[in-house]
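Please consider the predicted model shown below. The paragraphs that follow lead through its folds and contacts in turn.

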Amino acid sequence: MEKFNKLTGNAIPLRITNVDTDMIIPKQFLKTIKRTGLGEYLFFELKFDQDGNKIDSFELNQDQYKGASILIAGKNFGCGSSREHAPWSIADYGIKCIIAPSYADIFYNNCFKNGILPIILDEETVAKLQDSAENTLNFNIDLEKQNITYLENNEQKEITFEIDPVKKKCLIEGLDDIGMTLNKSSSISNFENNQAKKTPWLYRSEII
Amino acid sequence: MSAPKTLYDKIWDNHIVSINDDGTTILYIDRHLVHEVTSPQAFEGLRMSGRKVRRPEFTLATADHNVPTMDRDKGIADPDSKLQVETLERNARENNITYLPMSDKRQGIVHIVGPEQGFTQPGMTIVCGDSHTSTHGAFGALAWGIGTSEVEHTLATQTLIQTKAKNMCIKITGEVMDGVTAKDIILAIIKKIGTAGGTGYVIEYTGDVIRNLSMEGRMTVCNMSIEAGARAGLISPDEKTWEYLKGRPLAPSGVEFETAIRYWQSLATDEGAQYDEIVEIKADEIIPQVTWGTSPEDVVSIDGYVPDPKNASSDEKKRSIERALDYMGLEPNTPINEIEVNKVFIGSCTNGRIEDLRAVSKIAKGRKVEKNVHAMIVPGSGLVKEQAEKEGLDKIFIEAGFDWRDPGCSMCLAMNADKLKPQERCASTSNRNFEGRQGRGGRTHLMSPQMAAAAAIKGKLTDFRDL
């Protein structure tokens, strides 16, 4: 899995709450059998109107946010469908860090499987950062130190954030979950043997 | 004696394989449902790393999101949809996983097929790359939706690395009025706690109102736990659960069924067990519910009004109401029962089961769909379709002017050919009213099957009890 340690980049303020995964990546792009190439379809229906014209007022279409690697969004980001196409499209677009007051569970977990750091900050701080993002060229995100630093009006600012130490380690080391779990194969076999004694009907099913 | 436990605590404890050094738990997964949209990259990952499916016999695959709901004999027209379905078929075959193809009458929406086949049983852990996996919680199974990376992890190891969620109890007390359904109850719950209200929790639904629901009604409630933000929803299994499971193809049989019941009975939450959060809801005041906006928490009673952003509690809320009204093409303070619709969708893993169709048939019988409305009924599985036709429901639907289709997810998420056109307004029994969910620019109002049927007949949102 891709590692995450430090990131420097500009940020897109997305002042919408309850951004759902249908909005992040509409269903017509879920028919792929690959993980890559979804970046250009990120927020497709916010980027283009029904006739395919660019919607200029949408931040992702504005020159100043070109190449941004951070997204600052409203609360309950990523709600709805479990589609991992959402973080795939975000990562493929080049966004490696999201800042929001809260996330939906499945999306939050999916981020860590794809080298994306989802930072949680209180609503007031997020709103302030969204304002700052309009004028600030670069935010520095340091996962090890758990801080965001940036220069605003010639003043150095620092915001610290909390993150679960396990999830932090996963991102910094880019661990292969499956490989690690497979190292515990004997524990899994032991579990199965015990479970087959306790609830044998679970092991009867020679499926359909 | 050990401390009293909740149903969730017990299922969790029964599935711990080991605890990692970092405090996370490797949790055993008893059953895995697979569909075509969220699995191709997982199988590809296995192939690339030379890994095998650990327990193909615990895995069941079917295509549901992309399948056409008419002219099936012509196959799938869209080449991308076709490729995705064929890819699932190939992956299942290469990995010895049972696959129910479109031509099999057991094919349908994964969350309808699982219970129907007895694949879903109390006390199990069940996952699927689909957020509505929470449906299976109706059986007292811990069931939740996962991303594709976790689909791959489950295929390879039959486990997932998890951290335990918190326990929430939602107790629904009182007596429901006639005509108030499981859908109205869950919509009222989401209205109360919000779409993030359950974030970080597993919800157990309790109280007489839940006990009195049929298994199918319980599935409707648990199905939309995800719309309340919860990881999973649970209902303690009881006689209704055993009754439902008895004789299903994959359910235990004979003496073993009795042994299983004794085990299942032991799963109920112990007296004195602690929940991290308790929410009480009185059912007495609930009347049929519908959504007006673009979030499942935008719920209002059928006798209510479209909200006015002027009355919003915060600027952020005001902006979000304005955005929703603009998308939905609605004016503030419009009476809900004056909103006209031109589409109706009855189906989905929320409300695509036989009882839903029976309820619709009672409304449809002897009436006609309004001439400006196109109303589709999409059964949740081939077996639901077969049963409905056996009971003659299809004739009632067709006679009334409904469009009777083949099973699949259909216009719940519009990945197949069934979708709303821009600005079309739909009364839908599905689970999400997000912008563009049922088709770009399409406007969705969520409600019960009875209410959707009534909307088809009147051409506008209406309290079906007044028909």
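In what order do the four strands of the open sheet in chain A lie? The order is S1-S6-S7-S8, and the pairing is antiparallel. Two strands are taken to pair if DSSP finds at least two bridges between them. At the edges lie strand S1 (6-9) and strand S8 (155-160) of chain A, each of which pairs on one side only. From one strand to the next the twist averages 15°. S1(A) is joined to strand S6 (residues 139-142) of chain A by four bridges, and the two run antiparallel. One of the pairs involves Gly9(A), whose bridge partner in S6(A) is Phe139(A). In general, strands of a sheet pair through backbone hydrogen bonds, either parallel or antiparallel.

A word on conventions is needed here. Residues are numbered from 1 along each chain as its sequence is written, and chains are lettered from A and ligands numbered from 1 in the order in which they are written. The model is predicted: local features need pLDDT of at least 70 and side-chain atom pairs count only at pLDDT 80 or more, while totals for chains, interfaces and linings use all residues.

Chain A as a whole contains eight helices and eight strands; these are DSSP runs numbered from the N terminus, helices being H or I with at least four residues and strands E with at least two. Its C-alpha atoms fill a box of roughly 65 × 45 × 25 Å along the principal axes. Of its 208 residues, 42% count as buried, a residue being buried if 20 or more other C-beta atoms, placed from the backbone, lie within 10 Å of its own, exposed if 12 or fewer, and partly exposed in between. Among contacts in chain A between residues at least 6 apart in sequence, 69% join residues at least 24 apart; a contact requires C-beta atoms, placed from the backbone, within 7 Å.

Pro101(A) is placed in the loop between strand S4 (97-100) and H4 of chain A. Pro101(A) counts as partly exposed because it has 19 C-beta neighbours inside 10 Å. Leaving aside neighbours within four places in sequence, its contacts are Lys75(A), Ile120(A), Leu121(A), Asp122(A), Glu123(A) and Val126(A).

The contact between the chains takes 47 residues from chain A and 63 residues from chain B.

Within chain B, helix H6 (residues 182-193) and helix H8 (residues 215-223) pack at an angle of about 25°, with their axes 8 Å apart. The contact is made by Ala182(B), Lys183(B), Ile185(B) and Ile186(B) of H6(B) and Gly217(B), Thr220(B) and Val221(B) of H8(B).

Conventions
Two residues are in contact if their C-beta atoms, placed from the backbone, lie within 7 Å. Axes are lines fitted to C-alpha atoms, for helices over the stretch in contact, and angles run from 0 to 180 degrees between N-to-C directions.
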